[in-house]
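Dear colleague,

Please find below the structure for your review. A summary of the findings follows.

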Amino acid sequence: MPELFAYTDGACSGNPGPGGWGALLIARDGNRVLKERALKGGEAETTNNRMELMAAITALETLDRPTKLTVVTDSKYVMDGITKWIHGWKAKNWTKKGLKNVELWQRLDAAAARHDVTWEWVKGHAGHPENERADELARAGMAPFKP
């Protein structure tokens with residue numbers, strides 16, 4: 001049975017500043033890659049955390065039917081937010097003082113709810129090939145918005 005992975009990353013030049021996100025979707029059968037799809041985008045004025053969220057959101061929203069997959073991120077913000085903190089935010093009806101990016105967290109929550117998602121964290125910029133490719137996509141997504 002093939003497995004699906006989404007490797008996601010965000011980038012920002014200045015924080016805030018121009019930013020980009022990248023997602024690499026890979027379907028594998030064991031070590032054999034069956035299919036691959038690269039996604040990227042960006043914004044003129046954003047933050048790194050927003051771009052990390054957009055990478056995960058877009059990866060999940062791109063899937064047109066409920067799917068079992070592993071989302072791999074190098075963002076502790078995304079990882080801890082979606083696996084730990086979100087439960088408290090939802091219990092408080094998203095009204096936690098100081099909570100940033102509420103609309104993106106809600107969007108990620110809705111996108112993840114459609115799927116059977118396993119979340120995995122990897123250290124960024126540590127030579128993980130798919131994470132490095134997601135980083136390249138994020139930087140490419142940012143490029144049109146850099147002065």
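Which residues of α1 are buried? The buried residues of α1 are Met-51, Glu-52, Leu-53, Met-54, Ala-55, Ala-56, Ile-57, Thr-58, Ala-59 and Leu-60, where buried means under 20% relative accessible area with a 1.4 Å probe, protein chains only. This is a predicted model, in which local features need pLDDT of at least 70, side-chain atom pairs count only at pLDDT 80 or more, and totals for chains, interfaces and linings use all residues. Residues are numbered from 1 along each chain as its sequence is written, and side-chain values use heavy atoms, without hydrogens and water.

Helix α1 covers residues 48-62; at 1.5 Å a residue its 15 residues should span 21 Å, which agrees with the 21 Å between its end C-alpha atoms. The expected span is 1.5 Å times one less than the number of residues. Helices (H or I, at least four residues) and strands (E, at least two) are DSSP runs, numbered from the N terminus.

The largest pocket has a volume of about 440 Å³. A pocket is an open set of points on a 1 Å grid where a 1.4 Å probe fits, with protein on both sides within 12 Å along at least five of seven lines; lining residues have an atom within 4 Å of a point. Of its 15 lining residues, Leu-4, Ala-27, Lys-35, Leu-63 and Arg-65 are the closest to the centre. Strand β3 gives the largest share of this lining, 4 residues.

The second largest pocket holds about 210 Å³. Among the residues that line it are Met-1, Pro-2 and Thr-118, and two or more residues come from each of β1 and β4 (68-73).

Yours sincerely

Terms used
Points joined across faces, edges and corners; volume = space filled by probe spheres on them. Buried < 20%, exposed > 50% of the residue type's maximum accessible area, 1.4 Å probe, protein only.
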